[in-house]
Amino acid sequence: MSSSMSSPAINADISEMLLELGKHEMNVNQNRFKYQMYRKAAKSVVDHPKRIQSVAEAKGLAGVGAKIALKIMDFVANGSNRQLDRVRQSDTNQSINELLRVSGIGPKLAAKLMADGIDTIDRLRTIADTLTDHQKIGLKYVDEFERKIPREEIQKIETLLTAKMNEFNKNLLLTICGSYRREARESGDIDVLITHRNVTSDQMKFKTNTYLKDSVRSLQKCGLITDRLSLGDTKFMGVCRLSKECPHRRIDIRFLPLDQYFCGILYFTGNDFFNQQMRKHANEMGFTLNEYSLRRLGLTSVPGEPIAITSEKEIFEYIDFPYKEPRDRNF
DNA sequence: AGGACGTCGCATTTCG
DNA sequence: CGAGATGCGA
DNA sequence: GTCCT
């Protein structure tokens with residue numbers, strides 16, 4: 001989904017090439033900075049209103065330098081890109097990408113598995129006993145986790161979650177963020193934020209609470225949560241299923257103190273590019289904004305104490321940034 | 001020319 | 001055994 | 001790989 005629908009993605013093919021090269025840098029070469037630069041370039045390209053025709057035109061785009069400009073021209077002239085073709089036919093690349101489908105397996109382990117001759121998911125199953133709990137669950141649901149979640153299913157999960165949480169503690173509040181909150185028709189996973197009316201970050205500094213663990217236990221008991229990838233005092237990562245007819249879904253639940261709840265909702269609603277732009281604007285207005293708080297910057301750029309926030313809208317008002325409904329944050 | 005590029009919670013491994 | 005480092009995901 | 005200093 002490109003940010004502006006004005007001219008329907010005239011450079012979409014170039015953008016996809018760059019994204020694929022970026023993925024290769026991340027997955028095979030383990031270079032996340034090159035990956036991010038390719039992503040940035042890909043976004044510039046897809047937002048560019050006319051077909052890229054020259055090196056100069058390419059280099060004018062943010063994130064596109066000499067090297068990527070040449071790759072773009074190669075692609076435009078030949079309908080393909082030599083490096084991309086080489087990457088695609090590489091057995092190593094194909095194997096690593098197959099292994100990376102398993103949640104909990106990253107570039108490091110994938111490379112090690114390759115060295116040990118484990119180059120397919122089928123072979124991975126033969127050594128499943130050596131995997132961590134997280135990786136075993138990733139393997140078990142490898143196909144299900146790749147299915148998109150229809151909005152209607154998340155709405156039902158939201159209703160169920162709200163009912164269960166309320167039943168177990170009336171002071172708990174809940175918001176499902178991510179692309180669901182941006183009103184997407186379907187989402188890749190479910191990102192839930194919860195807080196408690198009476199819990200502050202000051203309290204949590206010296207005393208943790210069990211609201212998250214208790215919530216998770218209650219949701220396991222009713223059968224919604226089926227597996228756990230990780231669980232601490234503030235973050236649960238795991239698996240849920242609405243009913244036996246539905247696939248298993250990835251779900252994250254975070255517990256935040258009330259004073260950080262709204263910055264958290266803003267942050268986890270995204271998208272990434274929207275957050276980036278809003279944080280930049282905050283800086284220009286003399287603030288610093290992150291997932292926890294909004295703080296005014298002093299003369300020496302030293303952040304002051306967090307500003308008290310009681311709604312998401314307030315954050316926009318403080319930094320004089322025009323309010324955008326979640327559905328309009330797909331930058 | 002050379003450093004920055006987001007940061008952090010959790011699970012696991014490694015070091016002492 | 002505990003403290004720090006690493007991998008991973010987001 | 002690109003940008004900034």
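An unreviewed UniProt entry places the feature "domain: DNA-directed DNA polymerase X" at residues 9-330. In this predicted model, the chain over residues 9-330 is 50% helix and 15% strand. The end C-alpha atoms of that stretch are 15 Å apart.

**Domains**

- Chain A is divided into domain 1 (1-89), domain 2 (93-146), domain 3 (149-261) and domain 4 (271-328).
- The C-alpha centres of domain 2 and domain 3 lie 27 Å apart, and their contact takes 7 residues from domain 2 and 9 residues from domain 3.
- Between them, domain 2 and domain 3 bury about 730 Å², with 60% of it on carbon and sulfur atoms.
- On the domain 2 side, Ile-137, Glu-144 and Phe-145 lose the most area to domain 3, together 61% of what that side buries.

- The residues around DNA strand D include Phe-33, Lys-34, Met-37, Tyr-38 and Lys-71.
- Sugar or phosphate accounts for 71% of the atoms of DNA strand D within 4 Å of the protein, and bases for the rest.

**Contacts with phosphate oxygens**

- An N or O atom in the side chain of Lys-67 is 2.8 Å from a phosphate oxygen of DNA strand D.
- Backbone N or O atoms also approach phosphate oxygens of DNA strand D: one of Gly-65 lies at 2.8 Å, and one of Ile-68 at 2.9 Å.
- The elements that give two or more residues to the surface near DNA strand D are α2 (32-47) and α4 (66-78).

Technical notes. Residues are numbered from 1 along each chain as its sequence is written. Chains are lettered from A and ligands numbered from 1 in the order in which they are written. This is a predicted model: local features need pLDDT of at least 70, side-chain atom pairs count only at pLDDT 80 or more; totals for chains, interfaces and linings use all residues. Side-chain values use heavy atoms; hydrogens and water are left out. A residue is near a molecule or strand if one of its heavy atoms lies within 4 Å of it. A polar contact is a pair of N or O atoms within 3.5 Å; within protein, one must be able to donate a hydrogen and the other to accept it, and residues adjacent in sequence count only if both atoms are side-chain atoms. Helices (H or I, at least four residues) and strands (E, at least two) are DSSP runs, numbered from the N terminus. UniProt positions are given in the numbering used here, feature names are shortened, and annotations may be inferred rather than shown by experiment. Domain bounds come from an automatic or database domain assignment. Contact means heavy atoms within 4.5 Å. Buried area is the accessible area (1.4 Å probe) that two parts lose on being put together, summed over both.
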